Amino acid sequence: MYQLAPSPRAVLAIAAIALFLGGCASPADRGAMTPKNISISKHFPHSLGVQTGGGAQTGAMDSSNISDADLKAAIEDAVSQSKLFKTIVQGSNGDYELSVRLTTLSKPLFGATFTVEMETAWSLTKTSDRSVALRKSVKSTGVATMGEAFAGVTRLRMAVEAATRNNIEQGLKAIAELNL
């Protein structure tokens with residue numbers, strides 16, 4: 001009785017195809033996570049410091065993640081572009097302190113369309129008296145289809161970036177409803 005064993009060429013070809021289709025994971029891009037053209041009509045004459053937490057670095061064999069530094073930069077860019085606050089300051093020297101903590105980032109493993117669900121905890125505190133102006137959970141989703149990117153790792157990164165853009169936009173719009 002004969003058994004069919006794959007030839008070394010077939011094994012190499014399968015491995016090359018798997019690497020081509022799978023690729024290496026790349027972290028979410030901070031520019032792609034920044035929402036563009038947020039329509040906010042309120043502009044506070046205060047300075048704002050931003051802190052982020054709960055994120056993770058993306059490893060070579062991991063799926064796309066959001067680092068704390070990239071999330072912070074995306075939020076700061078969105079605040080600056082929308083002019084929601086007069087200035088962004090580093091550290092705790094601002095009039096207000098915004099803390100955004102990534103609590104959940106649910107990512108699919110397989111599929112043609114990737115839907116990522118994200119939840120963050122937003123907290124805005126007035127620095128002078130430590131009073132809390134806003135405490136809110138923000139849930140968002142991001143979707144990327146096979147038509148947008150064929151490679152799964154790219155599609156997943158795009159879905160993570162879309163979920164983050166949506167999340168930042170919702171958080172900033174919630175702050176814009178406040179009377180500070």
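This is a predicted model: local features need pLDDT of at least 70, side-chain atom pairs count only at pLDDT 80 or more; totals for chains, interfaces and linings use all residues.

Reader: How many helices and strands does the chain have, and in what order?

Author: Four helices and five strands. Starting at the N terminus, the order is α-α-β-α-β-β-β-β-α.

Reader: Why does Ala28 count as buried?

Author: Buried means under 20% relative accessible area, exposed means over 50%, and partly exposed is in between (1.4 Å probe, protein chains only). Ala28 has 4% relative accessibility, so it counts as buried. You'll find Ala28 in the loop between α1 (8-22) and α2. Across the whole chain of 180 residues, 38% count as buried.

Reader: What does Ala28 contact?

Author: Contact means heavy atoms within 4.5 Å. Setting aside neighbours within four places in sequence, the contacts of Ala28 include Ser64, Asp70, Arg157 and Val160. Also, the C-alpha atoms of Ala28 and Thr164 are 9.1 Å apart, although 136 residues separate the two along the chain.

Reader: How do you know whether Asn37 and Arg130 are exposed or partly exposed?

Author: Asn37, in the loop between α2 and β1, has a relative accessible area of 75%, so it is exposed. Arg130, in the loop between β4 and β5, has 49%, so it is only partly exposed. Yet phi is positive at Asn37, about 55°, and at Arg130, about 60°.

Reader: How do you know that the span of α3 agrees with what it should be?

Author: The expected span of a helix is 1.5 Å times one less than its number of residues. For the 15 residues of α3 that gives 21 Å, and its end C-alpha atoms are 21 Å apart, so the two agree. Its buried residues include Leu71, Ile75 and Val79, and among what covers the buried residues of α3 are β1, β3 and α4.

Reader: What makes a nonpolar core, and which residues touch the most other members here?

Author: It's a set of buried Ala, Val, Leu, Ile, Met, Phe, Trp, Tyr and Cys residues joined through side-chain atoms within 4.5 Å. The largest one here has 36 residues, of which Phe85, Leu98, Leu124, Leu172 and Ile175 touch the most other members. Its largest share, eight residues, comes from α4.

Reader: What makes something a pocket?

Author: On a 1 Å grid over the protein atoms alone, a pocket is an open set of points where a 1.4 Å probe fits, with protein on both sides within 12 Å along at least five of seven lines; lining residues have an atom within 4 Å of a point. The largest pocket is lined by 15 residues, with Pro108, Leu109, Phe114, Val153 and Leu156 closest to its centre. α4 gives the largest share of that lining, four residues.

How values were computed
Residues are numbered from 1 along each chain as its sequence is written. Side-chain values use heavy atoms; hydrogens and water are left out. Helices (H or I, at least four residues) and strands (E, at least two) are DSSP runs, numbered from the N terminus.
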